[in-house]
Amino acid sequence: MRIFVVGGEGRDLAAIENALRFGDVEILSAAPVPSAPDQRRYAFAGWTLDATTRDLADAAGRRVNLTSSEFELLMAFVRQPGQPLSRAALLGVLRGRAWSYFDRSIDTLVARLRKKIDAEPGRPPLIRSVRGVGYVFCAGVSLPQDPGESVAA
């Protein structure tokens with residue numbers, strides 16, 4: 001399958017027309033996951049995530065090591081808790097590339113992240129699969145203040 005992205009000048013119009021004529025086009029649409037404005041710390045289900053230092057700590061203060069992809073995935077979830085995020089949108093946040101139906105890299109990454117943050121047996125999962133949609137982050141997220149920050153009233 002060939003995919004042509006049209007945008008800007010100097011595209012080979014004949015190649016685009018041929019792709020359209022032979023049905024070699026896949027139209028992808030994924031809404032980007034917006035980022036929260038300047039938020040550095042997030043708290044959820046006993047966990048604290050610091051976006052500046054890229055640290056994830058449990059309620060006892062023990063750090064959990066995250067890969068860059070796991071960190072970016074968790075950031076996407078905590079920025080939009082309770083909202084279903086498609087696999088395409090999540091992959092766009094992580095790698096800036098389009099998702100195909102057979103791409104299971106997001107599913108693998110979500111499984112790895114679940115193992116790290118869903119360690120407590122008997123508690124509902126923090127990341128839930130939504131059939132036909134993608135994933136939803138089920139925990140409530142609060143925005144704690146940094147110890148050195150003052151809050152203006």
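Where is the place of Ala 45? Ala 45 sits in the loop between strand 1 and strand 2 (47-50). Its backbone stands out on one count: phi is positive, about 45°, although Ala 45 is not a glycine. Its relative accessibility is 32%, so Ala 45 counts as partly exposed. This is a predicted model, and every value here is computed from it.

Arg 54 lies in the loop between strand 2 and strand 3 (55-57). Phi of Arg 54 is near 65°, a positive value in a residue other than glycine. Arg 54 counts as partly exposed because its relative accessibility is 37%.

Now step back to the whole chain. The protein chain has four helices and seven strands. Along the sequence they follow the pattern α-β-β-β-β-α-β-α-α-β-β. The chain has 153 residues, and 31% of them count as buried. Consider next the contacts with a separation of 6 or more: residues 24 or more positions apart account for 50% of them.

The structure holds two aromatic pairs. Take Phe 44 and Phe 137. Their ring centres are 5.2 Å apart and their planes meet at 75°; an angle over 60° counts as edge-to-face, so that is what this pair is. The pair links distant parts of the chain. Phe 44 belongs to strand 1 (residues 41-44), Phe 137 to strand 7 (residues 134-137), and 93 residues separate them. Phe 44 is buried, with a relative accessible area of 2%. Phe 137 also counts as buried, at 0% relative accessibility.

The other pair joins Phe 77 and Phe 137. Here the rings are stacked: 6.0 Å centre to centre, with 15° between the planes. This pair, too, links distant parts of the chain. Phe 77 is in helix 2 (residues 68-79), Phe 137 is in strand 7, and they are 60 residues apart. Phe 77 is buried, with a relative accessible area of 0%. Put together, Phe 44, Phe 77 and Phe 137 form one aromatic cluster.

How many residues does helix 2 have? Helix 2 has twelve residues. From its first C-alpha to its last it reaches 16 Å, close to the 16 Å expected at 1.5 Å a residue. Its buried residues are Glu 70, Phe 71, Leu 73, Leu 74, Met 75, Ala 76, Phe 77 and Val 78. Look at Ala 76, which lies in helix 2. Ala 76 has a relative accessibility of 3%, so Ala 76 counts as buried. The C-alpha atoms of Ala 76 and Val 93 are separated by 7.4 Å, though the two residues are 17 apart along the chain.

Next comes the packing of helices. Two packed helices are described by the angle between their axes and the distance between the axes. Start with helix 2 and helix 4 (residues 105-117). Their axes come within 10 Å and cross at roughly 80°. Helix 2 and helix 4 are therefore roughly perpendicular to each other. On the helix 2 side, the contact is made by Ser 69, Glu 70, Leu 73, Leu 74 and Phe 77. Helix 4 supplies Leu 109, Val 110, Arg 112, Leu 113, Lys 116 and Ile 117. By class, this contact of helix 2 with helix 4 has seven nonpolar, one polar and three charged residues.

Which residues make the contact? From helix 3 come Arg 87, Leu 90, Leu 91, Leu 94 and Arg 95. From helix 4 come Ser 105, Ile 106, Asp 107 and Leu 109. By class, the contact of helix 3 with helix 4 has five nonpolar, one polar and three charged residues.

Terms used
Residues numbered from 1 in each chain as written. Predicted model: local features only at pLDDT ≥ 70, side-chain atom pairs only at ≥ 80, totals over all residues. Heavy atoms only, no water. Phe/Tyr/Trp six-rings, centres within 6.5 Å; stacked < 30°, edge-to-face > 60°. Helix = DSSP H or I, 4+ residues; strand = E, 2+ residues; numbered from the N terminus. Buried < 20%, exposed > 50% of the residue type's maximum accessible area, 1.4 Å probe, protein only. Expected span 1.5 Å × (residues − 1). Axes fitted to C-alpha atoms, helices over the stretch in contact; angles between N-to-C directions. Parallel < 35°, antiparallel > 145°, perpendicular 65-115°, else oblique. Contact = heavy atoms within 4.5 Å. Nonpolar A, V, L, I, M, F, W, Y, C, P; charged D, E, K, R; others polar.
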